[in-house]
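I opened the model to look up a few things and noted them in the order I reached them. The entries follow the display.

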Amino acid sequence: MARAIWKGAISFGLVHIPVALVSATSSQGVDFDWLDKRSMDPVGYKRVNKVTGKEVTKEDIVKGVQYQKGQYVLLSEEEIRSAHPKSTQTIDIFSFVDSEKIPLQNIDTPYFLAPDKRGGKVYALLRETLVKTNKVALAHVVLHTRQHLAALMPLESALVLVMLRWPAEVRELDILELGDEVTNPTLAKGELEMAKRLVQDMSADWEPQEYRDSFEDKIMELVEKKANEGRLEAVETDPGEEQRKTADVIDLTELLKRSLGGKGKANDKSAGKAPAKPAKPRKSAPAKKATKASQG
């Protein structure tokens, strides 16, 4: 199995299903690094005062959020850390919804989930239950100090965790200001028939192996050609490795029975309840990050 980027458990009621999170996508593209053409040394980034143009040391930098135009509220590192959600190493299911109810524009990044620590049977139980009920599970999960809204859904023999955009991040179609010619079109029957025939003539099977990024292919052909000609430059790099923590989880299908049995007992503190929906945070200006020059 591919290397897990996170380990924890799916949690609903009193049931914990040990799982490992595996990326369902890979970032391809071409990564252009900056090099000093005189020495072939890697070129880094400087923190520069945008008014004076002078370099600023790390010790002289503070973080602020723009409250009004030209006015910022400063936050200390301790205040920022205290606002981070606590990582519980769990995918906390709080609701089940019909699979078709999640808007397309809310869908973000998919991850595969694999059963871990002998959790296969309960994993399969949840997957089959979602299939039979045509439901997906809505959940909260914290990854890298950031809380995510996610949907847990079945995919063939597996479960997939799809990160969702928060509703505040999704725009409504109203911003398009579509006119009547789009929302209430007058289309001739002949036009529709010709359009349908064109679609039928161009219809094909989904063949992902045929769909390629031509820019990446051409760049890598050039790289391969120059490398074979011996046109290589030595550049020293310093790779780092991330440490990841694992979670202590419990299993036992018996907890499912106990969760159902405790439903409705207001005084039973141990009964599994959906976590309270977090208060909607004040939307703030996103922090700016330096990025490398890429395809342009």
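I began with Trp34, which counts as partly exposed because its relative accessibility is 35%.

Before going on, I noted how the entries are to be read. This is a predicted model, in which local features need pLDDT of at least 70 and side-chain atom pairs count only at pLDDT 80 or more, while totals for chains, interfaces and linings use all residues. Residues are numbered from 1 along each chain as its sequence is written, and side-chain values use heavy atoms, with hydrogens and water left out.

Next I searched the whole structure for aromatic pairs and found 3. Rings of Phe, Tyr and Trp (its six-membered ring) pair if their centres lie within 6.5 Å; planes under 30 degrees apart count as stacked, over 60 as edge-to-face and the rest as tilted. Trp34 and Tyr45 form a tilted pair, because their ring planes meet at 40°, with the centres 5.3 Å apart. I placed both residues in the loop between β2 and β3 (63-68), 11 residues apart. I also looked at Trp206 and Tyr211, a tilted pair with 5.1 Å centre to centre and 55° between the planes. Trp206 is exposed at 70% relative accessibility, whereas Tyr211 is partly exposed at 45%.

I turned to the fold. I counted 6 helices and 9 strands in the protein chain; these are DSSP runs numbered from the N terminus, helices being H or I of at least four residues and strands E of at least two.

Which strands form the closed barrel? I traced 7 strands in the order β1-β2-β6-β9-β8-β7-β5, with mixed pairing. Two strands pair if DSSP finds at least two bridges between them.

Last, I took the chain totals. Of the 296 residues, 20% count as buried. The chain exposes about 23,800 Å², of which carbon and sulfur atoms supply 53%; the areas come from the Shrake-Rupley method with a 1.4 Å probe, and for residues only the protein chains shown count as cover. Among contacts (heavy atoms within 4.5 Å) with a separation of 6 or more, 67% join residues 24 or more positions apart.

How values were computed:
Buried < 20%, exposed > 50% of the residue type's maximum accessible area, 1.4 Å probe, protein only.
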